[in-house]
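Here is a structure to look through together, with a few questions along the way. Have the chain open in your viewer and try each one before reading on.

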Amino acid sequence: MIIGDYHTHTTYCDGANSAEEMLKAAIEKGFKYYGFSSHAHLKYDESWTMSHESQEEYIKEVLSLKEKYKDQITVLLGCEYDLLSDNDLSKFEYVIGSCHSIIKDGKYLSVDHSEQTFNNCVQNSYGGDYYAFVKDYYELLATAADRDDFAFIGHFDLISKFNKDYKYFDEDDNRYEMPMYKALDRLAKAGKVFELNTKLTLYDKRTETLPSTRKWLDALSELGGNVIVNSDAHATVRIGHSFDKAIKLLSEYGFHSSLILTPNGYEEINL
Ligand SMILES: [Zn+2]
Ligand SMILES: [Zn+2]
C-alpha cells in the first residue's frame, strides 16, 4: 500500500477544497504522509497559481495544520514549481519540478490549460507542427536535470494530455519518441525521481493508460530509475485516486518498489 500523497492542490491555487478539508480527507483515507503542493507563482498566468502574498498565508496555514494534526498524519510543506515560475523556494520542505508552459518567440504558451488553448498554441506558434511543440516541451523539461532543488519531476509526459487515440500526433513516431527519450535519459542520469501521476495517466482526461507513459516507465525501469506515485488531487475525492492501478502498472514494468517522502528524505516501500 502507498501511504503518502505529495502532489495535491487546494483553494490557494486551482483546487476545489481548503487545505484543512484536504488533510482531513487524507487522514480518513488512512494516509501516513501528506504533502501540500500548491502551484508556485507564475507571472505569465496567475489564474491557477498562488500570488507572492497568498504563498505566505499558505505556508502559515500548512505549518499550523502540520502541528494541529501531528498525531494523526505527517504533513510536508511543498509546492509545485513550474520551470517558468519565479518564487523563492527556501521555505519549502520539498519542491515538484513541472513543466506546464513554454516560451516561444517571446510568447507564453500553455501545454495543459485546455484542449483549445493547446491547439491554438500549435496553430499560431508552430504552424500546426505538433512535433515541434513536443520537442520544445521535452527540451525545457530536461533542463530540470541541472537543478538540485526538485524532489521529483511532475507528470513527465503532460504534453500528451489531450492526445487521446493519437488525435494530434503519433506517440510511436520518432519525432515524439526521440525528444521524450532524450529528456528521460538526461533526467534519469541526473538521478531525478519521476512521478507516476495518476490524474494524467489513470483517471481524468484519459481513462486508458497513456501509451507514452508505458514507454517511459519501461525505459526508466531499464535504467534502474525511481518512481513516486501521486494523485495530483484538486479535490478531496481525488486523494490517492487509482493508486491500486498505479501499483499494478509499476509491477508490469518490473518495479518492485516506489518511493515515500518523509521529513528525513526518501524511503522505499515494496509494492
Ligand atoms: Zn502540474
Ligand atoms: Zn499539480
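**Core, helix packing and backbone**

Q: Which residues does Phe152 touch, not counting those up to four places away in sequence?
A: This is a predicted model, where local features need pLDDT of at least 70, side-chain atom pairs count only at pLDDT 80 or more, and totals for chains, interfaces and linings use all residues. Residues are numbered from 1 along each chain as its sequence is written, while chains are lettered from A and ligands numbered from 1 in written order. Two residues touch if their C-beta atoms, placed from the backbone, lie within 7 Å. With residues up to four places away left out, the partners of Phe152 are Ile96, Lys192, Val193, Phe194, Glu195 and Ile228.

Q: Which members of the largest nonpolar core touch the most other members?
A: Such a core joins buried Ala, Val, Leu, Ile, Met, Phe, Trp, Tyr and Cys residues through C-beta atoms within 7 Å. Buried means 20 or more other C-beta atoms within 10 Å, exposed 12 or fewer, and partly exposed in between. Among the 70 residues here, the answer is Val95, Tyr137, Ala151, Phe152 and Ile228.

Q: Which element gives this core its largest share?
A: Helices are DSSP runs of H or I with at least four residues, strands are E runs of at least two, and both are numbered from the N terminus. The largest share, 7 residues, comes from H4.

Q: How is H3 oriented relative to H4?
A: Axes are lines fitted to C-alpha atoms over the stretch in contact, with angles from 0 to 180 degrees between N-to-C directions. The axes of H3 (residues 115-126) and H4 (residues 130-142) come within 9 Å and cross at roughly 100°. Angles under 35 degrees are roughly parallel, over 145 roughly antiparallel, 65 to 115 roughly perpendicular and the rest oblique. H3 and H4 are therefore roughly perpendicular.

Q: Which residues of H4 does H3 meet?
A: On the H3 side, the contact uses Cys121, Val122 and Tyr126. Their partners in H4 are Tyr130, Ala132 and Phe133.

Q: Does Ser242 count as buried or exposed?
A: Ser242 sits in the loop between strand S9 (227-230) and helix H8 (243-252). Its phi is positive, about 65°, although it is not a glycine. Because 20 C-beta neighbours lie inside 10 Å, Ser242 counts as buried.

Q: What value is phi of Tyr166 near?
A: Tyr166 lies in the loop between strand S7 (152-153) and helix H5 (174-189). Tyr166 is not a glycine, yet its phi is positive, near 55°.
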